[in-house]
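Biologist: I want to learn how to read strand pairing, domains and surface patches in a model. Can we go through them one at a time?

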Amino acid sequence: MLRTHDAGSLRASDAGQVVSLAGWVARRRDHGGVAFIDLRDATGSVQVVIRDEALAGQLRAEWCLQITGEVVLRPEGNANSALPTGAIEIMGDDVKVLSESAPLPFPVDSGNDSEISEEVRLKYRYLDLRREKPAANLRLRSKVTSTIRRVMEDLDFLEIETPYLTRSTPEGARDFLVPVRLQPGSWYALPQSPQLFKQLLMVAGMERYYQIARCFRDEDFRADRQPEFTQLDIEMSFIDQADILAVAEKLLVKIWKEAVGYDIKTPIRHMTYADAMQNYGSDKPDLRFDLQLVEQTSFFAKTEFRVFQAPYVGSVVMPGGATSPRRELDAWQDWA
């Protein structure tokens with residue numbers, strides 16, 4: 001083993017132990033003959049004290065190191081309460097360079113996404129995923145999928161994988177096609193969803209199926225449309241609407257609790273599609289504002305203003321809007 005402990009797991013209770021760590025140089029600070037580096041691995045980072053001035057001067061960001069040394073408490077007043085490892089530091093008595101790093105195309109341990117072009121981030125994706133936010137997103141996704149599997153197993157669902165290479169079926173988008181090498185002129189289609197397969201499973205008597213499924217749809221790029229995505233796919237036999245809503249509620253409550261520590265109050269409010277469209281004009285209304293549409297169709301029935309010559313005219317009542325200055329209304333219009 002290259003390491004005996006994870007960098008982010010060390011605490012004040014580990015003081016006095018000699019540990020071996022492996023990770024990347026996140027930051028380096030020189031203080032007159034002594035250098036401090038933050039060594040980062042998948043679990044977090046820890047401060048390392050390097051007293052070899054020649055070695056410390058060589059180290060650069062994202063160099064990969066193996067460090068062996070004693071865990072000591074930081075001097076009084078130097079503890080960093082913002083870090084889980086902020087009460088201790090490692091005396092880097094033995095430092096081994098596992099791999100050097102070329103000059104970085106962007107800062108890994110600092111900087112906002114807006115300061116780095118997406119093209120550069122994708123080109124150096126292996127560096128981008130070392131950054132805190134993208135790495136946290138992957139860990140959150142992993143936690144969500146593992147929670148889903150536990151909940152579905154508790155509800156007696158079977159996780160069944162369905163084929164990726166299949167024939168084209170009528171769906172709501174175009175298919176991605178894969179040529180068949182052994183049969184020139186023939187094609188597989190990547191599934192837009194496992195719809196037909198899960199229906200076959202119901203006919204076969206599986207009764208409760210789920211899959212964290214990859215889906216492929218050859219669509220134009222939009223904010224809510226992607227050529228490939230992952231969905232939780234569920235099918236059940238001998239149920240009604242209340243049964244599937246109960247499963248969805250259990251999933252949501254457990255995922256939010258275990259992934260981000262938030263308690264969702266139950267029962268979750270239900271709203272029909274018809275009510276959502278009538279009251280909010282959207283099938284995904286933001287209920288934090290709860291500004292419902294007020295129908296004005298009959299009021300504008302005889303208007304000559306073309307904007308309101310429509311089968312339906314609705315308005316949102318803005319409390320106190322009549323007293324708002326024109327510049328405020330113009331600002332809302334620009335924002336919209």
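Biologist: In what sense do β1 and β2 pair, and over how many bridges?

Modeller: This is a predicted model. Two strands count as paired if there are at least two bridges between them. Here β1 and strand β2 (residues 35-41) run antiparallel, over 6 bridges.

Biologist: How many residues lie between β1 and β2 in the hairpin?

Modeller: There are 4 residues between the two strands. Look at G32 in that turn: its phi is positive, about 55 degrees.

Biologist: Which sense do β1 and β4 run in, and how many bridges join them?

Modeller: Strand β1 (residues 18-30) also pairs with strand β4 (residues 64-73). They are antiparallel, with 7 bridges. W24 is placed opposite C64 in β4.

Biologist: Now the domains. Where are their bounds?

Modeller: Domain 1 covers 12-99, domain 2 covers 141-260 and domain 3 covers 288-335. To place two of them, use their C-alpha centres: domain 1 and domain 2 are 45 Å apart.

Biologist: Next, the surface. Which residues make the nonpolar patch?

Modeller: A patch residue needs over 30% relative accessible area, and nonpolar side chains are joined within 5 Å. In this model L140, L252, W256, V260 and Y262 form a nonpolar surface patch of about 480 Å².

Biologist: Which helix gives the most to the nonpolar patch?

Modeller: Helix α6 (residues 241-260) does, with 3 residues. V260 is in helix α6.

Key: Residues numbered from 1 in each chain as written. Predicted model: local features only at pLDDT ≥ 70, side-chain atom pairs only at ≥ 80, totals over all residues. Heavy atoms only, no water. Patch = residues over 30% accessible without salt bridge, like charges linked within 9 Å, V, L, I, M, F, W, Y side chains within 5 Å. Areas by Shrake-Rupley, 256 points an atom, 1.4 Å probe, with all protein chains shown as cover. Salt bridge = Lys/Arg side-chain N within 4 Å of Asp/Glu carboxyl O. Domains from an automatic or database assignment.
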